Amino acid sequence: MAKEKVKERNIWQRIGLLDYRIIYTLVLILVAIPIWSPIGIPLRVGQNVKDYADALYALEPGSVVLCKFSGYATMLPDVEPIYMATWKILLSRPVKFLVLIQHPDSPSIIQYEFERLKPYIDEYGKEYGVDYMFFPYISMTEAAEISFTENIRDIFTEDLFGTPLDELPIMENIHSAHDFDLVISMSPEYDTRRYYVPYRIPLICWGTGTGLLPFVPPYYGYSVLGYCGGASQGGELELYSGFLGEGVKYNDAKNLAIIGLMVFIVVGNIAYFGEKLSKGGEK
Amino acid sequence: MAVNFWDALYAFIQFIMVLSVWSYLYKPSAFSRISAVIVTSISTVHFLMWNFKQVINMAVVPMVNGRWLYIFPIIFGILIYARLSKKYAWLASYSYSITLGMGTGATLSTLVAGSITGLIIGAITEPFKGANAFEIASGLVLWIGVILSMTYWLFTVEVKGPLEYAVKIGRLFLMCSIGILYAEDIIWSQSLLVKAMEMVVTNFIKKVLLGMPV
């Protein structure tokens, strides 16, 4: 009975009802190929990514950057290339940066990332507590952040490792948001209100493709100097800065998977419209 | 290239967990359920412990050390759990009121300049700042899109005549932006897939099983 029903299906219906497991298998194969052996699909660096990197390169010696870091396990695959490239740029510049940790996963992630950055830290002669530092994680509400911007020591008395802030040389002349020259933000709307409007501190934005890219364009050119979202743009940042890493490699796999998905979307649409036309427009 | 035992074990656990989750694509199985439960449990405990530690460090310790005003946030925090009792649930509303009130006040202080007037000025001026004719044309299309998209939300005027076309075109712009949101979500999921595939292919098969340099 079931076999008879299958026989009754026309070609469009059969294409439209392609077993989803075949699609999954093909996508997995397409992703696996470039991970096994990178293909080197060309990348074009977007203007927003260039502006993001240029904002970091344009910092005067001694500038202070506040990096709002909210790395957590499930978002890392999409944003870690941006984090790593940004840390490398910051380490290569004569600037100071403070990392404001905003997620319970982030303390372990930031330590893991800086362990991997050890060769760069040594190469550029940077030192924790002198050139950069990490605040401990707290659940930062907006009211708490207002207090932080007015007086950092109202919210934090010590760093992530329990060292009093006043014992860290980097914190010697840093007391409030007035002392920041740039904020790296994950939330353009929120940080425009918290840092740009009251203190006129420009922002650059980093984040996941889905969490940042659809929301940042209205602020680009207003409070945001540049932005970089998702592993694809992470690859672009690596390429532009010269600090190559995982982002470029991930781009191959993602591009190939997207090509596969697009093929299936086209096939699905052809099947849908083909079936509709074969029925003469009947519903 | 020899891999040390702990790195190999770590890669093996990653490999098993990834395959267990992926088995769901074929059909739900005991493996996919177990891996989902493991991840959910670990995340819950992780969050609980971090936040508990935070309350101890940020409120209890300072209070014990003489900053007695910290008793108030602790009390308001505990009051939130009054929601668990039908009889005393009303007590939680004090905590919510304070949190919401402070949040709203903090937001409103810079909301107008940050998210309303600033963006209106940007929407009017930015499209015409293009460096070449193509960028100016793109900006102009976006500017028209913004105006037409706003007409979609006009509920006080009857939609007829030229306004009807404006609403229809505005709806197309809105659909395009919603499509971008959806596409970004797919791309994000692909990033997770790529990283998981790297755990399988690079970390386990190439590095541990085949001993290849990676």
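**View 1. The left-handed crossing of helices H5(A) and H13(A) in a predicted model**. In this predicted model, the crossing of H5(A) with H13(A) is left-handed. Two packed helices are described by the angle between their axes and the distance between the axes. Here helix H5, residues 76-92 of chain A, packs against helix H13, residues 246-278 of chain A, at an angle of about 155°, and their axes are 9 Å apart. Angles over 145 degrees count as roughly antiparallel, and H5(A) and H13(A) are therefore roughly antiparallel to each other. On the H5(A) side the contact is made by Glu80(A), Pro81(A) and Ala85(A), while H13(A) contributes Glu246(A), Gly247(A) and Tyr250(A). Sorted by class, the residues of this contact of H5(A) with H13(A) are three nonpolar, one polar and two charged.

**View 2. The crossing of helices H5(B) and H6(B)**. In chain B, the axes of helix H5 (residues 133-151) and H6(B) come within 7 Å and cross at roughly 110°. Angles from 65 to 115 degrees count as roughly perpendicular, and H5(B) and H6(B) are therefore roughly perpendicular to each other. The crossing of H5(B) and H6(B) is left-handed. H5(B) makes the contact through Gly145(B), Leu148(B), Ser149(B) and Thr151(B), and among the residues that H6(B) brings to it are Leu163(B), Ala166(B), Val167(B) and Phe173(B). The contact of H5(B) with H6(B) has seven nonpolar and four polar residues, but no charged ones.

**View 3. The side of chain B that touches chain A**. Where the two chains meet, 37 residues of chain B are in contact with 38 residues of chain A. The elements of chain B that give two or more residues to this side are helix H1 (5-26), helix H2 (30-64), helix H4 (92-125) and helix H6 (162-209). Of these, H6(B) provides the largest share, with 16 residues. By class, the residues on the side of chain B that touches chain A divide into 19 nonpolar, 13 polar and five charged.

**View 4. The helices and strands of chain A**. Chain A has 13 helices and six strands. Its radius of gyration is 24 Å, well over the 19 Å that the globule rule gives for 283 residues, so chain A is more spread out than a compact globule. Taken along the principal axes, the C-alpha atoms of chain A fill a box of roughly 80 × 40 × 35 Å. Of the 283 residues of chain A, 42% count as buried.

Terms used:
Residues numbered from 1 in each chain as written. Chains lettered and ligands numbered in written order. Predicted model: local features only at pLDDT ≥ 70, side-chain atom pairs only at ≥ 80, totals over all residues. Axes fitted to C-alpha atoms, helices over the stretch in contact; angles between N-to-C directions. Helix = DSSP H or I, 4+ residues; strand = E, 2+ residues; numbered from the N terminus. Parallel < 35°, antiparallel > 145°, perpendicular 65-115°, else oblique. Left-handed = near helix turned anticlockwise from the far one by under 90°. Contact = placed C-beta atoms within 7 Å. Nonpolar A, V, L, I, M, F, W, Y, C, P; charged D, E, K, R; others polar. Rg over C-alpha atoms; globule rule 2.2 N^0.38 Å. Buried ≥ 20, exposed ≤ 12 C-beta atoms within 10 Å, placed from the backbone.
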